[in-house]
Amino acid sequence: MSTRTYHDPLHHGISLDTDQPAEAMVLSLVDSAPFQRLRRIRQLGPAFLTFHGAESSRFTHSLGVFAIARRAMGRLIELDPSLKSEQGVLYAAALLHDLGHAPLSHTGEEMFGTHHEQWSARIVRDHPQIRTPLESFAAGTADAVADLLEHGRSKRGVIKALVSSQLDCDRLDYLLRDSYSTGARYGQLDLERILAAITLAPDGEMAIHPKGLMAVEHYLVVRNLMYRSVYNHRLNVVCNWLLEQLIRQARRLGPDRIWADATMRDWLWESSELDLDRYLANDDIRTGYHLQRWRDEAPEPLAELCDRFINRRLLKALDVSQLSASLQLELLAKAQTSADRAGLDPELCCGLRHHQIYGYHPYRGGLRLWDGHNLQALEQCSPLVNSLATPADTAWLIHPREITDELREAHANTL
């Protein structure tokens, strides 16, 4: 017997036993180059500029998602032994769900215009270091995992629910992990009670036993708070906007005016034709190095944008969520005029960012309660969950520090 243990701050020892075929497959996947790349992708993108402890990686998170999925699967196999046949697909999908992330995770998707689900599926289907262990475990596993990650298709609906739903293993781990790494105490979940409450409805789909209702309600409130306090923190909004402007300027300047290695050239100017090798060659290290080079060597305004990000000279953000769309645009025009008067380029320092936060989405993997007699939608049983189904709209006006006082006065006059 051969075992390997990953010591995790949340899940403690995550041990893998090569005498178990599904776990031997997981070990092979972990040792692959595409999965090791996830060590070089920050879990929370540029959030380390806001929360200095936010340095964890997609590698760490992905192992955590697998650990939770394995525990959930063990519980469900006790209820329905036939689910054992889906063990390999679930383990692989849980482990590989973030395989296709761009540099800086979700921020990189906005910067470069990629979709990690599509790239994860493509890597699973086509990269030999991923496809070979999956197919060696059982023929057809690679395509089954890719279909689950990209399209949400699975032979058993409960497997899809564990990978992508309103209560999936991904969300459980990232809430716990991101709370831990950022120091935000909102993300404390009763994971034990949630996993103990997972059950199967008469139709074979996932459901929650009423004994776990309060733990699930708490989880959904926690998720809502984490989005408001961490994921959509005003400085995260600023960083994301700044990085998008930075890449837009780099693309506008073109390969003749700025330095870029072969990989970054393809990402910037041939992104629609990226092959697997070029895609996987980019990570936080390579992208960060380019930002440093551009800060030192690129023409303005790209050099200035890079310096703002690298040295954390961030723009400000004013919450304008309470204003109508027309008033938001009027205030943006005011900001642009004031920035121009201050000798700044409005295009590079003024912008509006909108977000819609769902605490619970009943039509996207919604949850149900099953007590052995009655099956009900979660939002019908819980007024708290029903209240979370109403989306919250947020709007931030990004602007330079130099016009903050003037802009706040203008904002106050509109309320």
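Visitor: Before we start, what are the ground rules?

Guide: This is a predicted model, so local features need pLDDT of at least 70 and side-chain atom pairs pLDDT 80 or more, while totals for chains, interfaces and linings use all residues. Residues are numbered from 1 along each chain as its sequence is written, and side-chain values use heavy atoms, with hydrogens and water left out.

Visitor: What makes E1 and E2 a pair?

Guide: Pairing takes at least two DSSP bridges between two strands. Strand E1 (residues 3-8) and strand E2 (residues 12-17) have 6, in the antiparallel sense, therefore they count as paired. They form a hairpin with 3 residues between them, and histidine 7 has glycine 13 in E2 as its bridge partner.

Visitor: Which strands are the edges of the open sheet, and what makes them edges?

Guide: The sheet has 3 strands in the order E5-E9-E6, with antiparallel pairing. Strand E5 (316-319) and strand E6 (351-357) each pair on one side only, which makes them the edge strands. E6 is joined to strand E9 (residues 392-399) by 7 bridges, and histidine 354 stands opposite alanine 395 in E9.

Visitor: What lies across that sheet, and at what angle to E6?

Guide: Helix H13 (residues 234-253) lies across E5, E6 and E9, at about 125° to E6. Contact here means heavy atoms within 4.5 Å; the axes are lines fitted to C-alpha atoms, for helices over the stretch in contact, and angles run from 0 to 180 degrees between N-to-C directions.

Visitor: Why is something called a pocket rather than a cavity?

Guide: On a 1 Å grid over the protein atoms alone, a 1.4 Å probe fits in a cavity but cannot get out, whereas a pocket is an open set with protein on both sides within 12 Å along at least five of seven lines. The largest pocket holds about 1,500 Å³, that being the space filled by probe spheres set on points joined across faces, edges and corners. Its lining, meaning residues with an atom within 4 Å of a point, has 46 residues, with His106, His116, Tyr174, Arg223 and Tyr227 nearest the centre. H13 and E6 are among the elements giving two or more residues to that lining.

Methods. Helices (H or I, at least four residues) and strands (E, at least two) are DSSP runs, numbered from the N terminus.
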